[in-house]
Amino acid sequence: MQFPDRFSNLPDYAFPRLRALLDAHAPGGPVRHMTIGEPKHAFPPWITDIIARHADEFGRYPPNDGTPELRQAIADWLERRYGVTVDSDSQVIALNGTREGLYNAAMALCPEEKAGGTPAVLMPNPFYQVYMIAALSVAAEPVFVPATDATGHLPDFAALPASVLDRTVLCYVCSPANPQGAVADEGYWADLLALAERHDFRILADECYSEIWRDTPPPGALQVAARTGADPERIVAFHSLSKRSNLPGLRSGFAAGGPQSIARMKQLRNYSGAPLPLPLQRVAEAVWADEVHVEENRALYRRKFEIADRVLGNVPGYRPPQAGFFLWLPVDDGEVAALKLWRETGVRVLPGAYLTRETDTANPGAGYIRVALVGPEDETEQALIAIRDCLYD
């Protein structure tokens, strides 16, 4: 029996790789998990009341595109947050988590060829792994563009050869960036939109960390596209309640963009999508409409940013994140550092190389570890002190 070759050379996923690296060794102290970006702050208590009130709707098939009320709540949030007006019927689609949407966008929007060759899909390196799998699934070439300290930890897509850009059909961008916490400012988005216009490709803006920031709310791709008068079809933006509202298990996200792009995504989803159950859509309707809990959540992360700055501020190469909730810490070797930290302190972190692909020049994640600031403040501070004393003193 035959199997497809297109996934045959994939490395193990990051977390099975981490378990293989660490679990044969005993922890050297109290176990503290700082690997997975799973928020640990409390979600709003009124959420369970909404589920209970609508529990009978578990007995109904939910609308595939999201309830009208949910799509309108999303459109209202985009207007409040970014000053952008979108039509809730034609420019918004509810998703069962944004990973589904980031994957299926390539299915719905990637043409079979461009410029007489294999279509190219650009993505940052390091990157969220679904970008690569989406490209491979549509027989496109994933192009890994380094996002390093030299480029401000955002990919410099304009530096690619014209021969690659002319074949490009999709460009994944994560801002605020996972794992580095870098933010694409308005100039970055405007330049990328102009590049997309010159070479005729679409931008898939992964903005799932947009509501966790230190000082200034990150600008959004749709916001800059509207300001610059860009073609609405150039951008599809993705957002989620996982980080914003501490609801990763709700699996509620959305995509917003040009009507033609969203129509194609809806058509594919009619056949292959898994809509969110109706009681959970009712929760999402209320959560997108509330900002109080988001501000409280942001304040908790801000205090942990301050702890990180105080504990690690003298570490050579430490770069305070602008947003998100990860630290991207320089080390000599990410795997060696992660194993040493586990065996000597019990702190679990993720080697940076597990989030990157090696290119012809280097692996931009090999000399880093990713640290998730998702736990309670006291536990976070103790773990960061352990990291500093184990790896940098």
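User: Are Arg81 and Glu211 buried or exposed?
Analyst: Keep in mind that this is a predicted model. The cut-off for burial is under 20% relative accessible area. Arg81 falls in that class, and Glu211 does too, so for this pair the word is buried.

User: Where in the chain do Arg81 and Glu211 sit, and how many residues apart are they?
Analyst: Arg81 is part of helix H3, while Glu211 belongs to the loop between strand E6 (202–206) and helix H8 (221–228). Their side chains form a salt bridge, with the closest N and O atoms 2.8 Å apart. That bridge links distant parts of the chain, and the separation is 130 residues.

User: Which residue forms a salt bridge with Arg71?
Analyst: Arg71 is in helix H3 (residues 68–82), and its partner lies 18 residues away, in the loop between H3 and strand E2 (92–95). Arg71 counts as buried because its relative accessibility is 9%. The closest N and O atoms of the pair are 3.0 Å apart, and the partner is Asp89.

User: What about the salt bridge of Arg167 and Glu141: how many residues apart in sequence are the parts that the pair ties together?
Analyst: The two side chains meet at 2.9 Å, N to O. Glu141 counts as partly exposed, because its relative accessibility is 33%. Arg167 lies in the loop between helix H6 (162–165) and E5, whereas Glu141 is in strand E4, so the parts tied together are apart in sequence by 26 residues.

User: Which residue of E4 is the bridge partner of Met123?
Analyst: E3 and E4 (residues 141–146) run parallel and are joined by 6 bridges. In E4, the partner of Met123 is Phe144.

User: Which helix does the chain go through from E3 to E4, and what is the handedness of the crossover?
Analyst: The parallel strands E3 and E4 are joined by 6 bridges. Between them the chain passes through helix H5 (residues 130–137). This β-α-β crossover is right-handed.

User: Which residue of E5 is the bridge partner of Ala120?
Analyst: E3 also pairs with strand E5 (residues 168–174), again in parallel, through 3 bridges. In E5, the partner of Ala120 is Thr168.

User: Which residues does Leu280 touch, leaving out those up to four places away in sequence?
Analyst: Leu280 is in helix H11 (residues 278–288). Its relative accessibility is 16%, so Leu280 counts as buried. Leaving out those sequence neighbours, the residues it touches are Ile51 and Leu250.

User: Zooming out, what radius of gyration does the protein have, against that of a compact globule?
Analyst: The C-alpha atoms fill a box of roughly 55 × 55 × 50 Å along the principal axes. Buried residues make up 57% of the 393 residues. A compact globule with 393 residues would have a value near 21 Å, and the protein agrees with that because its own radius of gyration is 21 Å.

Notes. Residues numbered from 1 in each chain as written. Predicted model: local features only at pLDDT ≥ 70, side-chain atom pairs only at ≥ 80, totals over all residues. Heavy atoms only, no water. Pairing = 2+ DSSP bridges. Helix = DSSP H or I, 4+ residues; strand = E, 2+ residues; numbered from the N terminus. Right-handed = clockwise from strand over helix to strand, strands pointing away. Buried < 20%, exposed > 50% of the residue type's maximum accessible area, 1.4 Å probe, protein only. Contact = heavy atoms within 4.5 Å. Rg over C-alpha atoms; globule rule 2.2 N^0.38 Å. Salt bridge = Lys/Arg side-chain N within 4 Å of Asp/Glu carboxyl O.
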